[in-house]
Each structure stands twice: as structure tokens, then as C-alpha cells.
Amino acid sequence: MIGIISAMQEEVQALLHELKDIQTTEKGKRTYFTGTLFNKKVVIVFSRWGKVASAATTTQLINDYNLDEIIFTGVAGGIKPELNIGDVVIGKHLYQHDLDARPFYKKFEIPILKMKYLETKNASKLLNASSKFITDYNKYIEKTEALEFNITAPKTVHGDIVSGDQFISSLEKIGRLNKQLPTAICVEMEGASVAQVCYEYDTPFSIIRIISDKANDNATIDFSRFANTIASNYALGILKNYFN
Ligand code: ADE
């Protein structure tokens, strides 16, 4: 069985529409949807925003279901000029940009684990699945919601993702992130905490992030609509390729 997590319901809405033989379980104020997606047994849950909410949900998911892997999917703010709204980032390394336990540990080091970042598994397979989806999407882009968000030629990128309990919407904060964690290409609020729990429970983890904003003064777009249309349809298309 495969666990699929997002932060918001909108980010998995298209998956929930496609899910067959649905059963739901409520725990810890979360709803776990089990069923079949493209002939694979899956459990889908949205955690709500932030590292605490997503870590708690991941722990519950791992303990309650016999999972082969967890895939996180959702939106992120791009912090490199070459990343545009509508691009897909498949995560490589995940950092917690707000973790700083100095002088006891180095900046960004996860206490006890002696690591500054967690690495994803199955990234190359997910990267292929995304590249294939995006190539197809570009062919019929004028028939999608892409133009509404000025998305013209989306691409797939493999890179480092940073997470923290902050919505980033200023050039100054982007500058600081780029200086402190120069390999980071996008920012969000859950990936690194889910990656840490998956590491601790020996569960393979991978992550899809769709760029919804550029983490600057214009970062507050119609998030819910972007997630519901672009992000959740991308996730559906990418996972369809990934499962087949
Ligand atoms: N998720 C999507 N955009 C984000 C941003 N700018 N900061 C943090 N999380 C995000």
C-alpha cells in the first residue's frame, strides 16, 4: 500500500475524485481515505499546514497502515529565478530551514540524527513520471487552467526543498534562505518533517512540489484554486505514470 499526504484537501482533490472503493477512518482530527487509485492500494490524507501537523499525520499513517512508501504532494514557493509558477519540483534533499539548536548542534542539524537533511527515495522514477506528464500537459496546455495562472511552458526539476513553519513572502527572506542553504530551490512547510518521520520508521519517502508562487510580495495568489486545479491535477497525472 502507498501512503499519499498533502497539507490541504485541495492538493489531493483530483486523487479523491479518482479513488475507487473508498473507505474512511477518522483519527486525531484527520480523515484517512483508503481505496484503489489506478489499480494500486493507497491511503490518502491531508495533514493541514506545518511541520507538527504533518509529522503527527505521518506517524499515524505509518503505524496504522502497512506502507511500502509515502509520497507527499503539494504546492511550494520557488526561490530560484529559473523556477516558474506551474513547474514541478521532485525533491532530492529536504532541510528544515527554521531548525537551529546551536550551540549544541550545528545550524540545521537534526538533534541526535547527526544529519542536516534527509534524502528522498524513488526520485528518479518520480522524475520520469513527472517529465512524461509535463511533456503531455504542454501539448494540451491551452485546454487546461494553466493560462489562468500564466503558466505557459512548465518543466520538471530535481532539487533540494526547504521546510519551515513560515509562509515565505519577501525578497529579504528568500535572500537569507539562498545564502544559508544555497542548493535549495523551493520552500514549503511540511516536506522535511514528513521525511524525518519516514526516515525514523524506515519508510521510503518521495515528494512532488508544484510551484504556486515565487515566495515574494506576490506570493498570496488564490492558493486554494491553484491547489484544487493545477496542483491536484498534476499530482493525479504524475502518479498515474508513476504507478504504471
Ligand atoms: N507553500 C507554497 N508557497 C509557499 C511559500 N511561499 N512559503 C511557504 N510555503 C509555501
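Tutor: Isoleucine 112 counts as exposed, because it has 8 C-beta neighbours inside 10 Å. The cut-off for exposed is 12 or fewer. Keep in mind that this is a predicted model. Isoleucine 112 sits in the loop between β6 and β7. Its phi is positive, about 75°, although the residue is not a glycine.

The loop has another backbone feature. Proline 103 also lies between β6 (88-96) and β7 (118-119). The peptide bond joining arginine 102 to proline 103 is cis, with omega about 5°.

Now look at another loop. Arginine 48 lies between β4 (40-46) and α2. Its phi is near 80°, again positive in a residue other than glycine.

Helix α2 covers residues 51-64, and its axis is 8 Å from that of α5. The packing angle is about 30°. The two helices are therefore roughly parallel, since angles under 35 degrees are classed that way. The crossing of α2 past α5 is right-handed. On the α2 side, the contact uses Lys51, Ser54, Ala55, Thr58 and Thr59. On the α5 side, it uses Ser193, Val194, Val197 and Cys198. By type, these contact residues are four nonpolar, four polar and one charged.

Eight of its 10 residues are buried, so the helix is largely enclosed by the rest of the structure. The buried set is Gly191, Ala192, Ser193, Val194, Ala195, Gln196, Val197 and Cys198. Just after α5, aspartate 202 takes a positive phi of about 60°.

Next comes the core. The largest nonpolar core has 71 residues, and Val89, Cys186 and Ala235 touch the most other members. Helix α6 (residues 223-243) gives the most to this core, with 10 residues. In soluble globular proteins, nonpolar side chains tend to be buried together. What does alanine 235 contact, beyond its neighbours within four places in sequence? Its partners are Glu11, Val12, Ala14, Leu15, Thr73 and Ile208.

Glutamine 13 lies in helix α1, residues 13-18. It is buried, because 20 other C-beta atoms lie within 10 Å. Apart from neighbours within four places in sequence, glutamine 13 contacts Asn228 and Ser232. Its C-alpha atom is separated by 15 Å from that of threonine 24, 11 residues apart along the chain.

Helix α6 also packs with α3 (residues 123-139). Their axes come within 8 Å and cross at roughly 125°. That makes the pair oblique. The crossing is right-handed. From α3, the contact takes in Lys125, Leu126, Ala129, Ser130, Lys132, Phe133 and Tyr137. From α6, it takes in Tyr234, Gly237, Ile238, Asn241 and Tyr242. The contact divides into seven nonpolar, three polar and two charged residues.

Definitions and conventions:
Residues numbered from 1 in each chain as written. Predicted model: local features only at pLDDT ≥ 70, side-chain atom pairs only at ≥ 80, totals over all residues. Helix = DSSP H or I, 4+ residues; strand = E, 2+ residues; numbered from the N terminus. Contact = placed C-beta atoms within 7 Å. Core = buried A, V, L, I, M, F, W, Y, C linked by C-beta atoms within 7 Å. Axes fitted to C-alpha atoms, helices over the stretch in contact; angles between N-to-C directions. Parallel < 35°, antiparallel > 145°, perpendicular 65-115°, else oblique. Left-handed = near helix turned anticlockwise from the far one by under 90°. Nonpolar A, V, L, I, M, F, W, Y, C, P; charged D, E, K, R; others polar.
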